[in-house]
Every structure is written in structure tokens, then in C-alpha cells.
Amino acid sequence: RAGVVYDLLRSCTHGNFPIVDTASGGTLYGTASRSILCTLLQRRAFGSPDVLDDYDNSEALGPRRLSPLVQWDTIERAYPRYPTIDDVQMREADRNAWLDLRPYANTAPYTVNETASIQRTYRLFRTLGLRFLCVVNHNNQVVGIITRRDLLPDSLTNSLLRGRNAHIIEDYEFGLMD
């Protein structure tokens, strides 16, 4: 829904977002960049809230688009000054409209399994020049995202300390520690 995407972009500054297929248990479908999402919202590339009524609650959408298609050259014309979320005006009536991300998704993002070592993950970042990696489980469901910043020495140290002291942190957060 357009309102969900709008609220998400308002609430964080991430540059890329995983797109999951909720009909198949949350498997990773692809990723979409913040600039693409803001451009689609600004151009109002969303369909009516009742567009799925024709499908009679079937889980397979097939090739039919749920929202109008914005041509790639239109999106790229904004480069390098893509709109920001502050440039988007979201009307209350549009919040429940469908935003079909399938035509704009990177359907082959680099991923790493949740059991992969830090060394392997670091090597992927360095050799491929990545900015982020989707972390998936054995069912290809997204369990997290790793960015370059997460692999900096200070971040790794903090993560290790949190892991070793997780029981203390949880006790403190729930008010069990004085």
C-alpha cells in the first residue's frame, strides 16, 4: 500500500529496502531503492484500493499490474536529483492505494545466508563493492540487512559485546536490573 511505503520512508533513512512476497510466507522477491520509491510516490504510480477485488482473493497475481507503470526513462530523468520523501504529498485517500513494485524491483539482489561467517560476508562486500546485503534464512525469508557500516571494527565489537551480554541487556530493558 502507498501509505505503508510513505510511512516507512518517513520513519527511516535507509537507501534500499527488501521486497517480500507475503503470499509465499515472506520470501525475498527483490529490493527497491529509496530514490525509486520516492519517485513512484511523487508521480502517484499507484492503483485504486479495490484493484485486487477482480482476483477473488487468489494468491497468484500473475503478470497483471496493480498500478500504472512509470517508464524507466522518466525515472532516470530525475537523476542525480531524485525526489526525497519531503517532496512527496500523500493524500489521505491515496494511503490505501496499491503500489506495485514488481516492475521496479531488483529481482536478483545479492544475499547472504544467516549462518554465513563474518569473513565471508566481509569478502562479499569488498570484492563486489556492495553497500548492503539482504540476510536470508534457508527458506529465502529476509531476517535482516547488513550494511558496510555494520562491518566496521567498532560495529563488530559492539555486536559481539551485545551478543555476549544479551541476557544482561534484555534484563535491563525489561526493568529486571536496578
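I take buried to mean under 20% relative accessible area and exposed to mean over 50%. The model I am reading is predicted.

**Confidence**

I checked confidence before anything else. The mean pLDDT of the protein is 83, and 80% of its residues reach 70 or more. I found the highest confidence in β3, at 96, and the lowest in helix α6 (residues 166-173), at a mean of 48. Over residues 169-178 pLDDT stays under 50, and for this stretch the model has five contacts beyond four places in sequence. I leave that stretch out of the entries below.

**Helix α4**

I looked up which residues of α4 are exposed on the face turned away from its buried side: they are Gln119, Arg126 and Thr127. The buried residues I noted in this helix, which spans residues 118-128, are Thr121, Leu124 and Phe125. These lie on the same side of α4 because they cover an arc of only 95° around the axis. What do the buried residues of α4 pack against? I find β3 (111-113), β4 (132-136) and β5 (142-147). Just after the helix, I noted a positive phi of about 65° at Gly129.

**The sheet**

I followed the strands next. β3, β4 and β5 form an open sheet of three strands in that order, with mixed pairing. Its edge strands, β3 and β5, each pair on one side only. Direction ignored, neighbouring strands are turned by 30° against each other on average. I then looked at one pair: β3 and β4 run in the parallel sense and pair over three bridges. In this region Val112 stands opposite Val135 in β4. Helix α4 packs on the sheet, touching β3, β4 and β5, and its direction makes about 145° with that of β4.

In soluble globular proteins, nonpolar side chains tend to be buried together. I looked for such groups here. The largest nonpolar core has 25 residues, and Leu9, Leu37, Leu40, Leu41, Ile85 and Leu99 have the most contacts inside it. Two or more residues each come from α1 (2-11), β1 (16-21) and α2 (34-42). Which element gives the most to this core? It is α2, with five residues.

I looked up Leu37 on its own. Leaving aside neighbours within four places in sequence, Leu37 is in contact with Val5, Leu9, Phe17, Ala32 and Leu101.

Technical notes. Residues are numbered from 1 along each chain as its sequence is written. Side-chain values use heavy atoms; hydrogens and water are left out. Buried means under 20% relative accessible area, exposed over 50%, partly exposed in between (1.4 Å probe, protein chains only). Helices (H or I, at least four residues) and strands (E, at least two) are DSSP runs, numbered from the N terminus. The arc is that of the directions from the helix axis to the C-beta atoms. Contact means heavy atoms within 4.5 Å. pLDDT is the predictor's confidence in each residue, from 0 to 100. Two strands pair if DSSP finds at least two bridges between them. Axes are lines fitted to C-alpha atoms, for helices over the stretch in contact, and angles run from 0 to 180 degrees between N-to-C directions. A nonpolar core is a set of buried Ala, Val, Leu, Ile, Met, Phe, Trp, Tyr and Cys residues joined through side-chain atoms within 4.5 Å.
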